[in-house]
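Let's take a friendly walk through this structure together. Have the view open beside you as you read.

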Amino acid sequence: MNIHQPRADVTGRTLAIVGELKGLEGPLLPILHEIQHEFGYVPQDCLPVIARELNLSRAEVYGVFSFYHDFREHPAGRHVLKLCRAEACQSMGGDQLAERAKRLLGIDFHETTPDGAVTLEPVYCLGLCSCAPSAMLDGEVHARVDADDLEALVAEARR
Amino acid sequence: MTTMTTKIYIPRDAAALALGADKVAKAMEEATAARGLDATIVRNGSRGLHWLEPLVEVETPEGRVAYGPVKARDVASLLDAGLVTGGNHALCLGKTEDIPFLKQQTRLTFARCGVIDPLSLDDYRAHGGLRGLQNAIAMEPMAIVAQVTDSGLRGRGGAGFPTGIKWKTVLEAAGTRKYIVCNADEGDSGTFADRMIMEGDPFVLIEGMAISGIATGATKGFIYTRSEYPHAIATMAEAIEIARAAGVLGPSVLGSGRAFDMEVRTGAGAYVCGEETALLNSLEGKRGIVRAKPPLPAHKGLFDCPTVINNVISLASVPIIMDRGAAFYRDFGMGRSRGTIPIQIAGNVKHSGLFETAFGLALGETIDHIGGGTASGRPVKAVQVGGPLGAYFPRALFDTPFDYEAFAARDGLIGHAGIVVFDDTADMLKQARFAMEFCAIESCGKCTPCRIGSTRGVEVADKIAAGIEPEKNRELLADLCNTMKFGSLCALGGFTPYPVVSAMTHFPDDFKPAPLVEAAE
């Protein structure tokens, strides 16, 4: 049993989201997306609530949550910088760009700067392979990213 | 003299946006207003000439004139040069249709992409849209299936399975509830054709899915796409609303009395969900774990119901087949690969973008002539065709024609027809290691060869790189690839050996010190 009592707002919002989406066929992914959209991550307190409402076991819900790369257990930084690490971007210097980003931010992939400003994440393909290397800052796409562009992106994210 | 509002086209495709198209559109809007010019801006899809994005076009009596790549700071000088009447400028590319990269193509599936306003159903109709669906609703389901079968259309996701046969299986399957699932989980590096269709001509996909539904008795469709494609998701969702409001979707498709509706679903960053059975599990709200086949999805697919699962490009190619006839489509191509294929030229290449052409074009042609060689100006070392699970081909294999069987005969695969070009600075051992690393990150974990094999593969590649018993470890890597190829449940573990083995075979020097014996090319 969970020894933590879910916070009222988390439970309330989760119930509202589940109520809104449970009529969909296969509602679990849409629900998890919406919860992450709402809170910026998937608070673990949500999972038993979802499980109860969808008549699933908590293990099943946790299993789905943990399977997908997108869903976070903890809040991200204020900005999320994703760098494409796939082959087309590799062919255009993506690896060097990634090293540079790590140095500029002082963090590795999957980490957040100590001031909570930026989370750095790898992404495997943004579909911008014809104008590599590419990046995404808070959902906004950038292509043919060179060293100067990267510095500008990092500066923007740091603000 | 009457004046007509001039149409200026500035793409809304993600590639154009990533290169500043929104800034260009804003600057254009402000500048045309400030100058009192009678112009309106249309946000079209991309023509696929990505090295020229953002590609701005203006409608003139002689046809559309193109400018690119345009930056926001170029707008003033473009207008000074008379852009609204197709005036000359350093960035002027002449008539769009005459640009060789475009002129050499055979655009069937992408006929409207980049041409029309993607969210204008009137534009869509004016450019031949909905004619295929109109024809289909007047036909018996079996006749639609027969027409698609006769066209020779094969699955463009990579497997190349005949689309008509798949539909026939679903049509004949017993069941009151059937589904059409569009696999838009385009995760392969080097591919963006699905994204371009969803952003540039979403109604063609809706039309293709509606035809598929009417042909098989399915009344519900899902487009499963990637969270990495926010623009495609937004455009698709909006297009579905528009189609529903216009009666293209709903309880009576185009007044036929036959029902079909659909929705967009978003994945959550798992590459393996591009595998059809993992995708179905994900749609059902489960972990994206691969299912053993049989049962085939056509018999027991989504929620155990008979399900057509087709790639975006397969479905988007159906409307023209139903409009122009099976023979029209089948007359393009070579061997058993009929029709056209949208080749995506990406990576280190000068003229990058989407090139739709009949099957049969030689690989080298797309890279050297159409692609213009590398962007870096250095020699081409290798090209990877078909995404992270596709083989690396050296120049010696550049005569391979785009044909499912021809690629298979050379231990490669067309996949989703993406090409990633690498120059001579590429380290093929590193690329082989990445293939294993990627498989390890993305493995669903169900079968051992993929789950464990990929991690062992990374370790063995590292040992070779470190010079630890290189000969023994190369043999071990080849053996491991053999196990993964034949022992994995799906293409992720089963095809990861393609890039690894091809890298070892064709680029033995990168796996030094001792070159492989079988590498004599």
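Domain bounds here come from an automatic or database domain assignment. Keep in mind, too, that this is a predicted model.

**Domains of the two chains**

For chain A, the assignment gives domain 1 at residues 8-67 and domain 2 at residues 79-158. The C-alpha centres of domain 1 of chain A and domain 2 of chain A are 30 Å apart.

Chain B is assigned domain 1 (6-103), domain 2 (129-330), domain 3 (333-423) and domain 4 (428-519). In chain B, the C-alpha centres of domain 1 and domain 3 are separated by 29 Å. Where these domains of chain B meet, domain 1 contributes five residues and domain 3 contributes six residues. On the domain 1 side of that contact in chain B there are three nonpolar residues, two polar and no charged.

**Where chain A meets chain B**

How many residues of chain A are in contact with chain B? There are 34 residues of chain A, and they touch 47 residues of chain B. If you want to find the chain A side in your viewer, look at α2 (28-39), α4 (58-67), α5 (87-90) and β5 (140-142) of chain A, each of which supplies at least two residues to it. Sorted by class, this side of chain A holds 20 nonpolar, ten polar and four charged residues.

**Two sheets in chain B**

Let's turn to the strands of chain B. One open sheet is built from five strands in the order β2-β1-β3-β4-β5 of chain B, with mixed pairing. Because β2 (39-42) and β5 (92-95) of chain B each have a single partner strand, they stand at the edges, and one side of each lacks a neighbour in the sheet. From one strand to the next, the twist averages 25 degrees.

Within this sheet, strand β3 (residues 56-60) of chain B pairs with strand β4 (residues 63-67) of chain B in the antiparallel sense, over five bridges. V58(B) has V65(B) in β4(B) as its bridge partner. Helix α2 (residues 21-34) of chain B lies across β1 (6-9), β2 and β3 of chain B, and it runs at about 170 degrees to β2(B).

Another open sheet of chain B has four strands in the order β8-β7-β6-β9, and here the pairing is parallel. The edge strands are β8 (261-266) and β9 (307-311) of chain B; each has a single partner strand, so one side of each is left without a neighbour in the sheet. The twist in this case averages 20 degrees from one strand to the next. Strand β6 (residues 179-184) of chain B and β9(B) pair in the parallel sense over five bridges. For N183(B), the bridge partner in β9(B) is N311(B).

**A covered helix**

Is helix α9 (residues 193-200) of chain B mostly covered or uncovered? Helix α9 of chain B is mostly covered, with eight of its eight residues buried.

**Backbone spots worth a look**

Most residues other than glycine have a negative phi, and most peptide bonds are trans. The table gathers some places in this model to compare with that background.

| Site | Backbone value | Location |
|---|---|---|
| A132(A) to P133(A) | cis, omega near -5 degrees | P133(A): loop between β3 (118-123) and β4 (135-137) of chain A |
| K293(B) to P294(B) | cis, omega near 0 degrees | P294(B): loop between α12 (276-283) and β9 of chain B |
| F303(B) | positive phi of about 50 degrees | loop between α12 and β9 of chain B |

**A closer look at one glycine**

G373(B) sits in the loop between α15 (363-370) and β14 (380-385) of chain B. With 18 other C-beta atoms within 10 Å, G373(B) is partly exposed. Which residues does G373(B) contact, leaving aside its neighbours within four places in sequence? They are K350(B), D368(B) and V380(B). N348(B) is 25 residues from G373(B) in sequence, yet 8.3 Å from it in space, C-alpha to C-alpha.

Notes:
Residues are numbered from 1 along each chain as its sequence is written. Chains are lettered from A and ligands numbered from 1 in the order in which they are written. This is a predicted model: local features need pLDDT of at least 70, side-chain atom pairs count only at pLDDT 80 or more; totals for chains, interfaces and linings use all residues. Two residues are in contact if their C-beta atoms, placed from the backbone, lie within 7 Å. Ala, Val, Leu, Ile, Met, Phe, Trp, Tyr, Cys and Pro count as nonpolar, Asp, Glu, Lys and Arg as charged, and the others, Gly among them, as polar. Two strands pair if DSSP finds at least two bridges between them. Axes are lines fitted to C-alpha atoms, for helices over the stretch in contact, and angles run from 0 to 180 degrees between N-to-C directions. A residue is buried if 20 or more other C-beta atoms lie within 10 Å of its own, exposed if 12 or fewer, and partly exposed in between; C-beta atoms are placed from the backbone.
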